[in-house]
Amino acid sequence: YAQRCGSCHDQAVPRIPPRSVLQHRTSGYILKVLRSGVMKEQAAGIPAQQRMALADWLGRKTAEPVDAAQVPNRCGNGEPAAGNPAHAWTSWGGGVTNLRFQPAAAAGLNAATTGRLRLKWAFGVPDVTAMRAQPVVENGTVLFGGGTMLYAADASTGCSRWATELPAPLRSGLAMGTVGGKKLVFFGDGGANVHAVDAVSGTPVWQTHVEKHPAAVVTGTPLFHEGRLYVPVASIEEGAAMVPGYVCCTFRGSVVALDAATGEVLWQAYTIDQAATVARTNKLGAHSLGPSGVGVWSTPTVDVAKKLIYVATGDNYSDPPTEGSDAVLALAMDTGKIVWSRQFSANDAFNVSCVMPGPKNCPDAGGQDSDFGASPILLSRSGGRRILLVAQKSGAVYGIDPDQEGKPLWKAQLGKGGMLGGVEWGPATDGKRLYVAISDESFTAQGLDPAKGGGLYALSLDTGKQVWMAEPSPCDSRQPCSPAQTSAVTAIPGVVFSGALNGHLRAFSSAEGRVLWDFDTGEAFETVNKVPAKGGSISVAGPVVAGGMVYVLSGYDTFGEAPGNVLLVFSVDGK
């Protein structure tokens with residue numbers, strides 16, 4: 001541990017989980033991360049017996065291995081009951097333009113009935129402390145997962161239709177699509193693999209490794225469109241730069257197009273033209289390679305009319321900075337060729353060593369880590385006008401013109417920004433306004449700052465001007481706690497849903513920002529599958545609304561927030 005792990009996990013650094021967090025995770029989960037997850041590079045060369053000993057020493061013991069074939073609360077024999085086809089949510093953004101909006105007919109809820117939401121059922125995922133993979137819902141079935149388990153459950157009762165154990169921990173959200181008459185569910189893992197699983201049986205169909213760099217991950221949810229899967233590729237090399245002696249950095253982000261039927265790579269478009277071949281020594285005397293970074297952390301957006309894919313990019317990890325960082329790129333759907341690019345923050349070269357004592361690997365450019373974690377939103381307006389809405393970790397939100405190569409239309413500065421600041425996972429729009437949740441997650445010497453962060457804003461789509469602002473819910477005496485609202489926002493007619501790191505899921509009136517409903521997920525729950533479960537912080541995944549029910553994941557401890565392991569499902573009066 002001292003040789004391979006302690007130099008990162010024993011330092012109070014945002015974005016690197018401290019040892020106290022790792023100790024809440026099971027030894028089995030840690031072992032899988034060391035074997036095939038995001039820590040496989042750090043664990044390379046450690047004998048298998050020592051890896052097992054490290055996992056046992058660092059994590060808590062698993063009572064018994066999870067047997068997917070023995071999941072309790074199995075549904076009865078026969079075909080799953082079909083639900084209303086309109087009551088579905090099968091992608092990250094609720095569609096290829098990433099509006100994160102569910103129309104009235106599919107939502108089955110409105111401003112009048114939202115206040116009557118009650119817990120219908122809860123499902124505990126064993127041996128995990130973070131729930132980040134946004135579910136999908138279709139035909140009366142919800143698919144969800146955590147750690148190395150993927151489940152399908154009856155949307156009405158929560159009974160288990162099937163369960164599948166994955167070869168590596170689930171990292172992205174889920175997406176669904178029909179290929180050759182077969183319904184498939186797609187997702188990415190921490191080892192830069194993309195998986196396709198039969199959505200009816202849970203049987204694995206294919207697996208594709210989309211990036212050979214050892215630090216690569218698939219964090220953003222893949223997007224399914226017309227038989228293809230568009231996959232965003234990012235990495236954790238930004239954190240590896242804090243390791244003494246590490247020569248930073250060689251990863252470059254990309255978008256990969258796959259044949260959804262077979263997993264075959266059709267094209268791969270890199271966000272940096274050249275590989276990291278420029279060697280230099282920074283002002284602090286550290287050797288580096290570049291250019292690097294510019295990962296794609298969020299789901300791509302499809303422009304069907306122009307046959308383009310829009311992606312928002314991350315920062316550079318090392319010098320020299322590039323023009324494609326902190327930008328929106330328009331890619332040709334058929335080839336991946338970059339058609340146009342619009343940058344929002346120049347010279348943002350940053351890695352985690354920049355916030356460490358003696359930051360030798362920090363680039364000379366001295367960036368602020370102001371990259372994009374939210375998907376672009378493509379929206380049609382009156383008179384044939386269109387607008388692309390993008391939200392940044394700097395706290396800035398932009399309206400740009402996709403028909404004039406991203407020409408700026410307006411800018412709104414809402415948050416302070418920072419490593420975990422500004423807008424993290426994305427806004428929503430109902431076509432009338434843009435609803436933006438602010439993170440600005442902050443830390444004190446003791447951990448999370450319970451007094452800073454959060455807030456929900458409604459902006460005019462035409463001007464970016466603020467229409468209303470809703471204050472964050474307080475932490476009170478809860479610890480660890482932050483009022484930051486990092487998770488993605490979801491909207492239905494008349495209502496906006498937003499979760500927070502303090503565990504609260506709230507519904508707001510889209511007209512004036514008044515709180516219509518508030519549920520504290522940070523408690524223990526009796527679950528339909530009899531697995532002990534507790535809620536915690538809500539982050540990454542936004543609520544999913546379909547067929548009169550709201551699905552939300554609770555539990556997220558990646559940076560010292562409150563752990564949890566539960567899927568909560570709400571309906572009107574709990575019926």
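Mentor: Start with a term: buried means under 20% relative accessible area, exposed over 50%, and partly exposed in between, with a 1.4 Å probe and protein chains only. At 1% relative accessibility, Cys481 therefore counts as buried.

Now the source. This is a predicted model, where local features need pLDDT of at least 70, side-chain atom pairs count only at pLDDT 80 or more, and totals for chains, interfaces and linings use all residues. Residues are numbered from 1 along each chain as its sequence is written, and side-chain values use heavy atoms, with hydrogens and water left out.

A disulfide is a pair of cysteine sulfur atoms within 2.5 Å. By this rule there are four disulfides.

Cys475 and Cys481 form one of them, with sulfur atoms 2.1 Å apart. The torsion about the S-S bond is -90°, and the link of Cys475 and Cys481 is left-handed.

Cys248 and Cys249 form another, their sulfur atoms 1.9 Å apart. The S-S torsion of Cys248 and Cys249 is about -95°, so this disulfide is left-handed. Both Cys248 and Cys249 are buried.

Cys75 bonds to Cys159, with 2.0 Å between the sulfur atoms. The Cys75 and Cys159 link is right-handed, with 95° about the S-S bond. This pair joins distant parts of the chain, 84 residues apart: Cys75 lies in the loop between α4 (48-58) and α5 (104-107), Cys159 in the loop between β4 (149-154) and β5 (160-165). Those helices (H or I, at least four residues) and strands (E, at least two) are DSSP runs, numbered from the N terminus. Cys75 and Cys159 are both buried.

Finally, the pairing: with the bonded cysteines numbered in sequence order, it reads 1-2, 3-4, 5-6, 7-8.
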